[in-house]
Amino acid sequence: MTTDSPAVEQTDAGPTDAMIADVFSRGCTSRQALEAVTGRWGVLTVAGLRDGAVRFNALRRRIDGVSEKMLAQTLQALERDGMVAREVRTTIPPHVEYSLTDLGRRVADRLVGLIEVLEGAVDEVGAAQRAYDARHEGS
């Protein structure tokens, strides 16, 4: 290429910083989605929707301890991230059902595996907690 040739725009420059997902990067979309899923109520909401479409109050009853406000905020965040679909049913009376999207189902499958590991290890976790507490009493 000569110096007086017109500049050629490079189209295959490889990935740019904007295209690389890095959950450790503060502004990465994947971190925001991870926070929504792994928050206190996100895991339970995604897992609670795994078996199919559920109405709001049924999901709230299933997730013991979640307030109406927190469940609504969690569902909105998960819907925004593309993991939950909200469908208004035109029945009498009308009602809203929530279900997982394809992405939400993939996430739920992973979360349920984690839940099963933790539920299966509840005796081990309890023993570790008691041992820790005994070591740290009066500290």
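Tutor: Glu87, Arg89 and Glu97 are joined in a network of salt bridges; a salt bridge here is a side-chain nitrogen of Lys or Arg within 4 Å of a carboxyl oxygen of Asp or Glu. The model is predicted, so local features need pLDDT of at least 70 and side-chain atom pairs count only at pLDDT 80 or more, while totals for chains, interfaces and linings use all residues. Residues are numbered from 1 along each chain as its sequence is written, and side-chain values use heavy atoms, with hydrogens and water left out.

Searching the whole structure gives 5 salt bridges. Side chains of opposite charge can pair when their charged atoms come close.

Let's go on to Asp109 and Arg50, whose side chains meet in a salt bridge at 2.9 Å, N to O. This pair connects distant parts of the chain: Asp109 sits in helix H5 and Arg50 in the loop between H2 and strand E1 (54-55), 59 residues apart. Helices (H or I, at least four residues) and strands (E, at least two) are DSSP runs numbered from the N terminus. Asp109 counts as partly exposed because its relative accessibility is 43%, and Arg50 is partly exposed at 38%. For these words, buried means under 20% relative accessible area, exposed over 50%, and partly exposed in between, with a 1.4 Å probe and protein chains only.

Now look within helix H5, where Asp102 and Arg105 lie 3 residues apart, about one turn of the helix. They form a salt bridge, with their closest N and O atoms 2.5 Å apart. Asp102 is exposed because its relative accessible area is 53%, whereas Arg105 is partly exposed at 39%.

Another pair is Arg60 with Glu68, whose side chains meet in a salt bridge at 3.9 Å, N to O. Arg60 is partly exposed at 33%, and Glu68 is partly exposed at 46%.

Arg50 also leads us to the largest pocket, as this residue is one of its lining residues, including Asp51, Arg62, Asp64 and Glu116. A pocket is an open set of points on a 1 Å grid over the protein atoms alone, where a 1.4 Å probe fits, with protein on both sides within 12 Å along at least five of seven lines; lining residues have an atom within 4 Å of a point. The volume of the largest pocket is about 190 Å³, a volume being the space filled by probe spheres set on the points, which are joined across faces, edges and corners. Helix H2 (42-48) and helix H5 (102-120) each give at least two residues to this lining. By class, the lining has 5 nonpolar, 1 polar and 5 charged residues. Ala, Val, Leu, Ile, Met, Phe, Trp, Tyr, Cys and Pro count as nonpolar, Asp, Glu, Lys and Arg as charged, and the others, Gly among them, as polar.

The second largest pocket has a volume of about 150 Å³, and its lining includes Ser30, Leu34, Met83, Arg106 and Arg110. The elements that contribute two or more residues to this lining are H1 and H5, and H1 gives the most, with 5 residues. The lining divides into 6 nonpolar, 2 polar and 2 charged residues.
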